[in-house]
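Please read the points alongside the sequence and coordinates.

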Amino acid sequence: MRRSSISRQLTQGLALVGLVGTLLLFLFVAIEYGMTFSTFFDREALPRVIHELSEHVLMPVLVLIVPMTLAARWVIRRSLAPLADAAERVDAAPEMARGFRIETGQLPLEAVPFADSVNALLARLDRAAGDQEAFAADVAHELRTPLTLLALEMDRLDPDTAAPLRRDIAHMRRLVDQLMLLAQIDADNAAQMPQTPIDLAELAADVAGRLAPLAVSQDRLIAVEGKAAQCVRGRREALAAALRNLIENALRVTPAGGTVTLRVGPDATIAVCDEGEGLSREQLDQLVRRHRRGDHASVDGAGLGLAIVARIMAAHGGSVTAEPEHRVVRLQFAPDTK
Amino acid sequence: MRVLIIEDNARLARLTAEGLQRRGLSCDIAQTLALASDSLDVALFDLLILDLGMPDGDGLEWLRAERRRRDLPPALILTARDALEDRVAGLDAGGDDYVVKPFDLDELAARVRALLRRPGPRAPAILEVGALSFDPGSRMAAVAGNALELSRREANLLELLMRRAGTVVRREAIEDALYSFDETVTPNAVEAVVSRLRRRLAEGGAADMLHTVRGVGYLLQDPA
């Protein structure tokens, strides 16, 4: 179906009205002044005829139709402008914003029913997304006690039998933790939690310090470089979880004896450098999308982990990028401008 | 070392107690907060393991109230609660550390031991990490019974690292602990003491215990 523009239709309509009006006027004027076709070929009568026609036909048409067309186009453009503004605001809405609605206050009356139904649809989607998140959170929550019990029962088995089972449980624990974290991020996003200033160097040192004992027990080291204070605004626990995820991934791909290095700055970034194969940009893109995993990603749920990192960064107006040539995964933050 | 496990899930409490007992800690169980208060009335404990969601009240409220009423041993908070901020709230309310369910017994035991090493009236007389031991009273250190020759500063550093064994001690914390306010600390002073201590440990046969976490601090950890 060909799409039609209101302005265009109106112009066409007015042009038609103008044309018909002109013809009718011409007819009336002709009858009024007793003109016939022969008059037009009468050299003496012609100037008078042209004068009459321009005075009674051309002038009224020009005076009425042209300003009307211009005015109508102007009115239409003006009354539709709020729709364009609303579209801009919809486009600018953050990716995971909840409770976003089109403001109907500025819209012309005729557009309000449409906007209302779109808003009702948005409300239904919000509810559905909320239910979905709550469900995921509940599932993860309910899994915790049975998983704990399982791990505790396992402790009674002889170590050789238990070792592979314990690895499986550790994997499940990590998944449950990540699901909980994801639910938490979504909930925080929906509630628009207040953000606090966070020193990236301090954050990196803190998370590195917490993970170092585990790394050392697996014969790997963690180091932090760059001391310059870089401040961003955000949720500290969420950002710490994002960084922890990246470091855990880096530790997994770094061979024994290697070091995972965190570089803070010089701008608002934290780079996590591993000594493994490194991720290509395509692999990262895939990993960031949920449920997909890189070829060398282990069974430890790195896929879900990176998806969570990407969500956390997006919620902070930042991003996660890979520089495989440098074996770096980088958290890039929007600088704190306040 | 006696631990009171405050946890309403009977099976979870029993299995946790058994697991910790296998690791040399004797445990009692209280399945309600009221029973926990009763246990505290009649016995001395070295550590509490507290689950937050108890049937007869909020664990954090109870902890806050008990802290006001009496001298409580350190509390390790065990929580299935997932709100990230709850962890912080738990520490604010007087919890000394937290472990999130589902936890691993080895992890729990490691946290329990770390809390038990903290200085306090009931802290053990002699600190032990793997083969390494240190007597805070006499300032004597030994590896598998063989005494180590340590300077005052090296001994202070070793005590600090041993009390927080298994966790990274931040460089700034070491600086604060080893040097008084009016002492001027040269940029490499901490590194120098650490490397001297590391040499002493290696000579004594306890190499591979003191690790550098570059840019953060130092970590003393039992290699086993």
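The points below begin with conventions and then take up the interface and the patch.

This is a predicted model, in which local features need pLDDT of at least 70 and side-chain atom pairs count only at pLDDT 80 or more, while totals for chains, interfaces and linings use all residues. Residues are numbered from 1 along each chain as its sequence is written, chains are lettered from A in the order in which they are written, and side-chain values use heavy atoms, without hydrogens and water.

**Interface of chain B and chain A**

- In this interface, 36 residues of chain A are in contact with 40 residues of chain B (heavy atoms within 4.5 Å).
- About 3,200 Å² is buried between the two chains, and carbon and sulfur atoms give 53% of that area (the accessible area, 1.4 Å probe, lost on being put together, summed over both parts).
- Between chain B and chain A there are 9 salt bridges (a side-chain nitrogen of Lys or Arg within 4 Å of a carboxyl oxygen of Asp or Glu).
- A salt bridge joins the side chains of Arg166(A) and Asp104(B), at 3.5 Å from N to O.
- On the side of chain B that touches chain A, α1(B) supplies the largest share, 8 residues.

**Nonpolar patch on chain A**

- A nonpolar surface patch of about 830 Å² includes Leu16(A), Val20(A), Phe28(A) and Ile31(A) (nonpolar side chains joined within 5 Å, from residues with over 30% relative accessible area and no salt bridge).
- Val20(A) lies in helix α1 of chain A, residues 6-32 (a DSSP run of H or I, at least four residues).
- Val20(A) counts as partly exposed because its relative accessibility is 43% (buried is under 20%, exposed over 50%, partly exposed in between).

Key
Patch = residues over 30% accessible without salt bridge, like charges linked within 9 Å, V, L, I, M, F, W, Y side chains within 5 Å. Areas by Shrake-Rupley, 256 points an atom, 1.4 Å probe, with all protein chains shown as cover. Helix = DSSP H or I, 4+ residues; strand = E, 2+ residues; numbered from the N terminus. Buried < 20%, exposed > 50% of the residue type's maximum accessible area, 1.4 Å probe, protein only.
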